[in-house]
Amino acid sequence: MKTKLTKIEYLFIGFYALTLFLGIWHAFPNMDVVHDESDPYVWRVIDALKAGTIIPYIDYSYTISFYVNYILMFLVGVLFFGGNADTIINHLSFGTRYTFLLPRFITLIATTLLLFLFLRLAKRYAVPLTQRLCIVGLIFSNIIFTVIAHTGKMWLLSLFLFFLSFYFLAECFRRQSELAKLSWYRNPVFYSILFAFLAFANFPLNVIALLNPVFLYWFFYRQQYSPRRLINFSVLVGL
């Protein structure tokens, strides 16, 4: 049975997303901050587009963040600049404040999706509406979280992928009686492991997410149904 949020919850999500636009220019014109956000996810992305390659032009990980920015920059280039990377560079050179808008837009999307998942999980475990709005509201209004949610770095996307992997892990335990009937592409076992590897790929300190396959092996070890083959397949896809 699907868990649907109420209209009040969607309004809550929409209002929170709007608040993320407040202060979106923070730190400008501090060019150290602007450069820290825009160099790997804007200029290095443009370099890769100009070279016609999908290989990250950065000397450290956070690869998922790079490719999400790569796709978004490609779409912006095609829609507004005729696919010409030099035109994008000229435009950004005269509008420095726009260089970190794309990375911060991705952070906004990741934060909104994370909020959606928190509310959905709380509703699935029968937390009353008022209580789940209060709990989730307090978590997402924390000053540390709010500051991170206003940056264009990889933190929120990493957190979203990390939480998503354990969201599907919880689904594995909750729906264990159904797992044998589900095909691999509808099975939470597959998505739990896949998002664990994506979280690790984006930020290596998310390595703890790779315990998901271990938890699944251990939990289903003495169960009537053991998704061992699906776990092995999911690990291979993740690698």
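Visitor: Are Tyr 167 and Phe 168 buried or exposed?

Guide: This is a predicted model, in which local features need pLDDT of at least 70 and side-chain atom pairs count only at pLDDT 80 or more, while totals for chains, interfaces and linings use all residues. Residues are numbered from 1 along each chain as its sequence is written, and side-chain values use heavy atoms, with hydrogens and water left out. A residue is called buried under 20% relative accessible area, exposed over 50% and partly exposed in between (1.4 Å probe, protein chains only). Tyr 167 and Phe 168 are both buried.

Visitor: How many aromatic pairs does the structure hold?

Guide: Rings of Phe, Tyr and Trp (its six-membered ring) pair if their centres lie within 6.5 Å. By this criterion, the number of aromatic pairs in the structure is 20.

Visitor: Which kind of pair do the rings of Tyr 167 and Phe 168 form?

Guide: Planes under 30 degrees apart count as stacked, over 60 as edge-to-face and the rest as tilted. The ring centres of Tyr 167 and Phe 168 are 5.4 Å apart and their planes stand at 80°, so the pair is edge-to-face.

Visitor: Which kind of pair do the rings of Phe 173 and Phe 219 form?

Guide: Phe 173 itself is partly exposed, its relative accessible area being 31%. The two ring centres lie 4.5 Å apart with planes at 45°, so the pair is tilted.

Visitor: How many residues apart in sequence are the parts that Phe 173 and Phe 219 tie together?

Guide: Helices are DSSP runs (H or I, at least four residues), numbered from the N terminus. Phe 173 belongs to helix H8 (residues 155–174) and Phe 219 to helix H10, so the separation in sequence of the parts they tie together is 46 residues.

Visitor: How many helices does the protein chain have?

Guide: Strands would be DSSP runs of E with at least two residues, but the chain has zero strands. From the N terminus on, its elements run α-α-α-α-α-α-α-α-α-α-α. The number of helices is 11.

Visitor: Are H3 and H9 roughly parallel or roughly perpendicular to each other?

Guide: Axes are lines fitted to C-alpha atoms, for helices over the stretch in contact (heavy atoms within 4.5 Å), and angles run from 0 to 180 degrees between N-to-C directions. Angles under 35 degrees count as roughly parallel, over 145 as roughly antiparallel, 65 to 115 as roughly perpendicular and the rest as oblique. Helix H3 (residues 63–81) and helix H9 (residues 188–202) pack at about 90°, with axes 6 Å apart. H3 and H9 are therefore roughly perpendicular.

Visitor: Which residues of H9 make the contact with H3?

Guide: From H3, the contact involves Thr 63, Ile 64 and Ser 65. From H9, the residues are Leu 198, Ala 201 and Asn 202.

Visitor: Are H9 and H10 roughly parallel or roughly antiparallel?

Guide: H9 and H10 pack at an angle of about 150°, and their axes are 9 Å apart. That makes the two helices roughly antiparallel.

Visitor: How many disulfides does the structure contain?

Guide: A disulfide is a pair of cysteine sulfur atoms within 2.5 Å. Cys 134 is partly exposed at 45% relative accessible area, whereas Cys 172 is buried at 0%. A search of the whole structure gives a disulfide count of zero.

Visitor: What is the relative accessibility of Tyr 225?

Guide: Tyr 225 is in the loop between helix H10 (212–219) and helix H11 (228–238). Apart from neighbours within four places in sequence, Tyr 225 contacts Leu 179, Ala 180, Asn 187 and Phe 220. Tyr 225 counts as partly exposed because its relative accessibility is 27%.
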